[in-house]
Amino acid sequence: MKNFDLKRQPSMPWTKLAMAGLLAAALAGCGGGNDGATGPAGAPGAPGATGPAGKDLSSQVTINANSTTPTAAAIAAWQAMQPQVTVNSVAISGTPVVKFTVKDAAGLPIVGLGNASQASTARMASLANISFTLAKLIPAANGEPSKWVNYG
C-alpha cells in the first residue's frame, strides 16, 4: 500500500493554470461554424381552428344617436359623407309608408339613422337622426290656388 502525504498538495498556481486550460479548451470547442445566416424554413404547422365570422365594416357607415350636441369633428364627418337619399317606394293606403335608402358618396349604406331618443317631457321616443314631411297637393278649386297640405 502506498502512503499519501495529506500535507503535500499541488501548489495553487498549477491548479489555476489547469483550470484556465480547461476553460480555454471548452471555449474553443464552442466556437466556429455559425455564420448567422437564417436556416431553412420548417414544415408548415397544422391549420388552426376557424374563427368567428367578422363584420364587414367597409360596407356601411354607422351614425350614433344625436341626443347630444355634435362636435365640430362629427359635423365635418357628416358633411364629408355627402348622403344620397333614394326613395324606393311610397304607399298611401291608410297609414303612409315610405321606403328609402341613404348611402354615402361612395355608395355605402349609412346605418343608424333609425336611432330613437326620448326627451324627458315627451310621451314617446322619436327618430333623432332623420325626419321628413309627407305632403299632398290639393288642386286649385273655387278660385283658390293649389296648396300643399301635410299628409298626416
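**Notes on an aromatic pair and its surroundings**

Q: Quick one to start: is F132 buried or exposed?

A: In this predicted model, F132 counts as exposed, because its relative accessibility is 52% and the cut-off for exposed is over 50%.

Q: And how many aromatic pairs are there?

A: The count comes to 1 aromatic pair. F100 and F132 form that pair, which is edge-to-face, with 5.9 Å from centre to centre and 80 degrees between the planes.

Q: Which parts of the chain does the pair tie together?

A: F100 lies in strand β3 (residues 95–103), whereas F132 sits in the loop between β6 (126–127) and β7 (135–138), so the pair ties together parts that are 32 residues apart in sequence.

Q: What about F100, how accessible is that one?

A: F100 has a relative accessible area of 31%, so it is classed as partly exposed.

Q: Which residues form the nonpolar patch on the surface?

A: The patch is formed by F100 and F132 together with V85, V87, V90 and I92, and the accessible area of these residues together is about 550 Å². Strand β2 (residues 84–93) supplies the largest share of the patch, with 4 residues.

Q: Where is V85, and is it buried or exposed?

A: V85 is found in strand β2, and at 56% relative accessibility V85 counts as exposed.

Q: Stepping back, what's the overall layout of the protein chain?

A: The protein chain has 2 helices and 8 strands, and from the N terminus on the order of its elements is α-β-α-β-β-β-β-β-β-β.

Q: How much of it is buried?

A: Buried residues make up 6% of the 152 residues in the protein chain, and the accessible surface of the chain comes to about 13200 Å², of which carbon and sulfur atoms hold 59%.

Q: Changing topic to the backbone: what is phi of Q82?

A: Phi of Q82 is near 50 degrees, a positive value in a residue other than glycine. Most residues other than glycine have a negative phi. Q82 is found in the loop between α2 (72–81) and β2, and with a relative accessible area of 46% Q82 is partly exposed.

Q: And what about phi of N142?

A: Phi of N142 is also positive, near 50 degrees; N142 is found in the loop between β7 and β8 (147–150) and is exposed, with a relative accessible area of 82%.

Technical notes. Residues numbered from 1 in each chain as written. Predicted model: local features only at pLDDT ≥ 70, side-chain atom pairs only at ≥ 80, totals over all residues. Heavy atoms only, no water. Buried < 20%, exposed > 50% of the residue type's maximum accessible area, 1.4 Å probe, protein only. Areas by Shrake-Rupley, 256 points an atom, 1.4 Å probe, with all protein chains shown as cover. Phe/Tyr/Trp six-rings, centres within 6.5 Å; stacked < 30°, edge-to-face > 60°. Patch = residues over 30% accessible without salt bridge, like charges linked within 9 Å, V, L, I, M, F, W, Y side chains within 5 Å. Salt bridge = Lys/Arg side-chain N within 4 Å of Asp/Glu carboxyl O.
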